[in-house]
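I opened this notebook to record what I looked up in one structure.

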Amino acid sequence: MTYQFGPFSLDTRTRQLLRDGREVTLSPKAFQLLLLLVQNRSRAMSREELHQQLWPSTFVLETNLAGLVAEVRRALDDTADKPQFVRTRHRFGYWFIGDVVKDEAAPVSAEPAVKYLLVWDARQVLLPEGSTIVGRGPDSGVWIDAAGVSRQHARFVVRQGEATVEDLKSKNGTYVGPERVTMPRRLADGDQIRLGSVVITFRVPQPPGATETSPGPGGATTGRS
């Protein structure tokens, strides 16, 4: 599902906010907030309801929600005093006021989906299509609470059949092998990525039915599926 408003598109499949086809960075919680407001645009949503949706069964400060609203407004070039998209309902909550067009058509691909995994310790995380933030902050898409990992340490992007990693101005840097990442870098199966004290392996599992090669009689090779 894609929601289009002004120059923006909100893609629920890839969890991306796009402006004129270019991605606009949003934290996972800010994306969730914007999606909630867009999906419930026929009414204003109370702060209490938004808190329950964003942080179920968890106590958080009122400033957490206000901070997310400010992040959404920055991403949309919106303002509180002259809103085009997010209006404040004083002493109540927030209301998405932009004109929205829904597009339920999903792109069809003839190619089988390629999976990309991050593996470390006993954990294995599937990278979805789009952007995923990795860091120590609890609002990160992949949460790693370890020494030397910044709140928002690195961004992994999966798009058009390839995956890249980008450092987010972390204190201790992001490394692929011995090399520090200074710009988005394309990843290959088996790459070792270091974030602070954590080393992550990037894996591309073979799709089902992939042919393996084994030695046959006399050293010849035979294939099997």
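The entries below follow the order in which I consulted the model, which is a predicted one.

**Entry 1: strand β13.** I began with strand β13, residues 154–159. I noted that 5 of its 6 residues are buried, so β13 is largely enclosed by the rest of the structure. I then looked up its partners. Strand β11 (residues 130–135) pairs with β13 in the antiparallel sense over 5 bridges, and within this pairing I found valine 134 bridged to alanine 154. Strand β14 (residues 162–167) is also antiparallel to β13, over 6 bridges; here arginine 159 stands opposite glutamate 162.

**Entry 2: the turn.** I recorded that β13 and β14 form a hairpin with 2 residues between them. Glutamine 160, in the turn, has a positive phi of about 55°.

Entry 3: Phenylalanine 5 belongs to strand β1 and phenylalanine 85 to the loop between α3 and β6, so the contact ties together parts 80 residues apart in sequence. Phenylalanine 5 is buried at 1% relative accessibility, and phenylalanine 85 is buried at 7%.

I next took phenylalanine 85 with phenylalanine 96: centres 6.0 Å apart and planes at 25°, so this pair is stacked. Phenylalanine 96 lies in strand β7, 11 residues from phenylalanine 85, and is likewise buried. Ring pairs join Phe5, Phe8, Phe85 and Phe96 into a cluster.

**Entry 4: a charge over a ring.** Lastly, I noted arginine 194 over the face of tyrosine 175, at 4.3 Å from the ring centre.

Note on methods
Residues are numbered from 1 along each chain as its sequence is written. This is a predicted model: local features need pLDDT of at least 70, side-chain atom pairs count only at pLDDT 80 or more; totals for chains, interfaces and linings use all residues. Side-chain values use heavy atoms; hydrogens and water are left out. Buried means under 20% relative accessible area, exposed over 50%, partly exposed in between (1.4 Å probe, protein chains only). Helices (H or I, at least four residues) and strands (E, at least two) are DSSP runs, numbered from the N terminus. Two strands pair if DSSP finds at least two bridges between them. Rings of Phe, Tyr and Trp (its six-membered ring) pair if their centres lie within 6.5 Å; planes under 30 degrees apart count as stacked, over 60 as edge-to-face and the rest as tilted. A charge sits over a ring if NZ of Lys or CZ of Arg is within 6 Å of the ring centre and within 35 degrees of the ring normal.
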